[in-house]
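Visitor: I'd like to learn how to read a few features of a model. Can you walk me through them?

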Amino acid sequence: MSTLVNKKDQKVVNRSKKIPVIDCDVHPNPKSYEDLNPYLSEYWRDFLADCKWKGVFPNIPAMAIVANAGHRMDSIPPEGGLGCSSLDFYREQVADRYNYANSILFPDSTFMLSASPQHEMATAIASAYNDWQIDHWLSKDSSLRGSVVIASQDPEMAAREIDRVGSHPQMAQVGLSIHSPYGGWGDNRYYPIWKAAVRHGLVCTFHVSVPGGVFRPGPNYGNYYPEFQTNNGLTYQAQISSIIFGGVFEKFTKLRMLFVEGGFAWLPSVMYTMDTHWRNLKREVPWVKRPPSQVVREHMWFGTQPMIEPESHEDEKHVLDIMKMVGLNNFVFTSDYPHWEFDAPHAAFARFPKEFKHQIFYKNAVDLFGLPNPMDTNGTN
Amino acid sequence: MERNVLCKKSEIPLGESKVFQVRRLSVVVVRKENEQFYAVRNFCPHQGAELGKGVLRGAARANDVKDVCYEKPGSFLYCPWHHWSFDVENGCSMHDPENTKIKTYDVKVENDEVVLYA
């Protein structure tokens, strides 16, 4: 067995058996929310204790299938705690088992913080999560990369948080919710966030989330979990259109975005439709200089999960055709561990060509996040 | 190429256009604010709408996001169906000038008459 790295704080990447994997959507949790206390000021520590704060799921509807906080039933470590709350257990259950070279962490459910109407509290919690993430995960395994958790309700405060921790050498992205707190993500109120992300060379990553506030707007929220899962793509479509036509990438030419857990089969249709209306109605959005499909390919990446798992060779061809329409360089592997929708890499992609798997499992992520190539014999990871 | 007298110059006001039938050709003649005349085929290559029923405007240009102005005002015919737009000076589409064009014709003012050569 040949190995690339064999440091005490890292797992071994096996080059002779399985294709290495960079998982771009892993959700670590604290053992309990009290683990965040050392990173909160006395005021916010008392505030959260007094209001019996139980994590960042307050707006999630009660859906039986996700009763275990949306986690795989077997993701709780032997010693207890929330799913994916033990680095050792994570390595054993997922990272080592599937030959992970790197994992991009997005602290669990922090993408719900932007749904909170209490901006200051959400900002304090986001900040605590960042320090906890650095202390409990990043500093213990150099193959891990982190997300700067923000509360995007207040873009100026969010930008300050990005400046505070964004230059940490293992921070790879800014973690965002696909539901935007005020208007679409293309709105110029969010410019401070994009500006700060570019300043620190961070990818802006959007995760499936829920809308905020006390009401449930629109049909894309749904009553049932299958409905929620099915309709997630609608929000992604609307936000991508908002970002493109809002001219975000004309203003921030170095900005890169990753969209995870929204699927991708709808993308060719959205790209075609955006191009059509851009060509015809450019008079309204003349700041968009290039066809939207080109902007998508240059600035946007997409997580594979929830993966369309082909059930026949004909299906496999169709899935590949869809991905080629978008651009094979624009997909990265995402498992969503420990969430209920977890995709096991070598099972979900079993029917796909080997070269394609190399591209999806690690090559594209290496390019997107500037990571060392795990197949480079001279590289270190 | 035949010489076709279309109308008196004064019949097309400044900044406006008029459609003429010349044999089997339907042609839009544009009189720009600078007194220059241009003629293009009255047919949008997208889905066949009559361009002469659209509006004559400039090309929208942005100096920055949401900072918009017109470029070459009065030079672009906007299709009445789906807003495809064409530069009357060269027939080029605003958004795909290399590949999408409409036919242009020579048009001159001779003895106060608008004359099309086609």
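Visitor: Where is the place of P338(A)?

Guide: Helices (H or I, at least four residues) and strands (E, at least two) are DSSP runs, numbered from the N terminus. P338(A) sits in the loop between β8 (331–332) and α11 (345–348) of chain A. A cis peptide bond joins Y337(A) to P338(A), with omega at about 5°.

Visitor: What should I know about the model and its numbering?

Guide: It's a predicted model, where local features need pLDDT of at least 70, side-chain atom pairs count only at pLDDT 80 or more, and totals for chains, interfaces and linings use all residues. Residues are numbered from 1 along each chain as its sequence is written, chains are lettered from A and ligands numbered from 1 in the order in which they are written, and side-chain values use heavy atoms, leaving out hydrogens and water.

Visitor: Which residues does the cis peptide bond with omega of about 0° join?

Guide: Q305(A) and P306(A). Look for P306(A) in the loop between β7 (300–303) and α10 (313–326) of chain A.

Visitor: What is phi of N111(B) near?

Guide: Near 55°, a positive value in a residue other than glycine. N111(B) lies in the loop between β8 (104–110) and β9 (113–117) of chain B. For accessibility, buried means under 20% relative accessible area, exposed over 50%, and partly exposed in between (1.4 Å probe, protein chains only). N111(B) is exposed, at 73%.

Visitor: How much area do chain B and chain A bury between them?

Guide: The size of an interface is often given as the accessible area lost when the parts come together. Buried area here uses a 1.4 Å probe and is summed over both parts. Chain B and chain A bury about 1400 Å², 59% of it on carbon and sulfur atoms. V65(B), K66(B) and H95(B) supply 40% of the area that chain B buries against chain A, more than any other three residues.

Visitor: How many residues of each chain are in contact?

Guide: Contact means heavy atoms within 4.5 Å. By that rule, 15 residues of chain B touch 16 residues of chain A.

Visitor: Which side chains meet in a salt bridge?

Guide: A salt bridge is a side-chain nitrogen of Lys or Arg within 4 Å of a carboxyl oxygen of Asp or Glu. The count between chain B and chain A is one: K251(A) with D64(B), at 2.8 Å, N to O. On the side of chain B that touches chain A, β5 (55–64) and β6 (67–78) of chain B are the elements giving two or more residues. The largest share, six residues, comes from β5(B).

Methods. Buried area = accessible area lost by both parts, 1.4 Å probe.
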